[in-house]
Amino acid sequence: MKKEIMVGMNFPGNVRAENLERELQQIVDNGFDYVEYNLSDLPLICSGKPLRPYVDYVKNIFSRFPLQYTAHIGDGLNLRSLEKTELHREVLRSSIDVAAQLNMKMLTIHYSRASVYHREEALFAEACREAADYAAEKGMCIGLENIEVEYPDKVLRMIDRVGRDNFRMTLDTGHMMLAANHFDYSFEQAVKDCAPYVIHMHVNDNNGTFEMARMNDMALYQRMTMGERIPFGKGDVHLPPFWGSIPLGWVFETLDRAGYHGIYMCEYETDLYVPFHRSIQERVRAEAEEAQTRASAQ
């Protein structure tokens, strides 16, 4: 029996609250099923607590559209923090609360870079376990996303360490390709290893050129504009799916064989590619359907 293909896109950043409806209507018009929203794009949380008027405002607008929604953790969360451990955990708990209020069943958080200190890694695992239990009470799952500055097998080991059924992996295809080239491991083998853990996807493209500033000077990396980075392919340029060199059709087929039933969440620089949204959605949907057919035929 064929699964239903659900395609989503990340909500454009820097959209003011009064423009939410316009952007959501454009997403509907371009045929997407899901939207992934970054919880720090609007002040939904302050000092670790949900800002209820803002949450209610966004919930009301979201409910007006025939879309489903997933959440991406806001900027700045550091579950390895020794100095402000409880504040970071409180922000994560409030993120789960806000996502639940917005009828989101999936929240993605970053693995980031493993610490050399066992205490910090233990804190991270403890915080993830606590968050997974809290999310389970609300019928939610948490996806731990691989980042290009770390080996993906460390993400899998952390998932095993947390040991919760609703705590799995968000596979970011762009990050995986960049890390494979930087750390010199097999992209294909890594995808195969990760496939049984994947509960959610971020589908984006690049040409595999790692930018060392991302590893050594994050402040410099963040100052680089996409206008500078894209022409030189510097790092995580978030091209639309099938615009770069990642074998995404093969990735889809590999995940399908492993039993993936999640969303094909396109995560690209959405504000740069507005004229192409519909063609991107249609291409991803068609490729996912073809991958499903190939996987079922073998």
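Student: Before we start, what are the ground rules for the numbers?

Tutor: This is a predicted model, where local features need pLDDT of at least 70, side-chain atom pairs count only at pLDDT 80 or more, and totals for chains, interfaces and linings use all residues. Residues are numbered from 1 along each chain as its sequence is written, and side-chain values use heavy atoms, with hydrogens and water left out.

Student: In which order do the eight strands close into a barrel?

Tutor: Helices (H or I, at least four residues) and strands (E, at least two) are DSSP runs, numbered from the N terminus. Two strands pair if DSSP finds at least two bridges between them. Here the pairing is parallel, and the eight strands close up as β1-β2-β5-β6-β7-β8-β9-β10.

Student: And what does the twist average from one strand to the next?

Tutor: Angles here run from 0 to 180 degrees between N-to-C directions, with axes as lines fitted to C-alpha atoms, for helices over the stretch in contact. From one strand to the next, the twist averages 30°.

Student: Which residue is the bridge partner of Met-169 in β9?

Tutor: Strand β8 (residues 167-172) and strand β9 (residues 198-203) run parallel and are joined by four bridges. Along that pairing, Thr-170 stands opposite His-200 in β9. For Met-169, the bridge partner is Val-198.

Student: How many of the six residues of β9 are buried?

Tutor: Buried means under 20% relative accessible area, exposed over 50%, and partly exposed in between (1.4 Å probe, protein chains only). β9 is largely enclosed by the rest of the structure, because the number of its six residues that are buried is five.

Student: Over at β6, which residue is the bridge partner of His-72?

Tutor: β6 is largely enclosed by the rest of the structure, as four of its five residues are buried. Strand β5 (residues 68-72) runs parallel to β6, with two bridges joining them. The bridge partner of His-72 in β6 is Thr-108.

Student: Now the helices: what angle does α11 make with β9?

Tutor: Helix α4 (residues 118-137) packs on the sheet, touching β6 (106-110), β7 (141-145) and β8, and its direction makes about 150° with that of β7. α11 lies across β8, β9 and β10 (264-266). Its angle to β9 is about 170°.

Student: Are α3 and α4 parallel or antiparallel to each other?

Tutor: Helix α3 (residues 85-101) packs with α4 at an angle of about 25°, and their axes are 10 Å apart. Angles under 35 degrees count as roughly parallel, over 145 as roughly antiparallel, 65 to 115 as roughly perpendicular and the rest as oblique. So α3 and α4 are roughly parallel.

Student: How many charged residues are in the contact of α3 with α4?

Tutor: Contact means heavy atoms within 4.5 Å, and the α3 side includes Arg-89, Arg-93 and Asp-97, while the α4 side includes Glu-126 and Glu-130. For the classes, Ala, Val, Leu, Ile, Met, Phe, Trp, Tyr, Cys and Pro count as nonpolar, Asp, Glu, Lys and Arg as charged, and the others, Gly among them, as polar. The contact has seven nonpolar residues and one polar, and the charged count is five.

Student: How are α6 and α7 oriented to each other?

Tutor: The axes of helix α6 (residues 173-183) and helix α7 (residues 187-194) come within 9 Å and cross at roughly 135°. That pair is therefore oblique.

Student: Is Asn-14 buried or exposed?

Tutor: Asn-14 sits in the loop between β1 (7-10) and α1 (20-29), and its phi is near 60°, a positive value in a residue other than glycine. Because its relative accessibility is 79%, Asn-14 counts as exposed.

Student: And is Phe-242 buried or exposed?

Tutor: Phe-242 is in the loop between α10 (226-232) and α11 (248-257), with a positive phi of about 75° although it is not a glycine. Its relative accessible area is 17%, so Phe-242 is buried.
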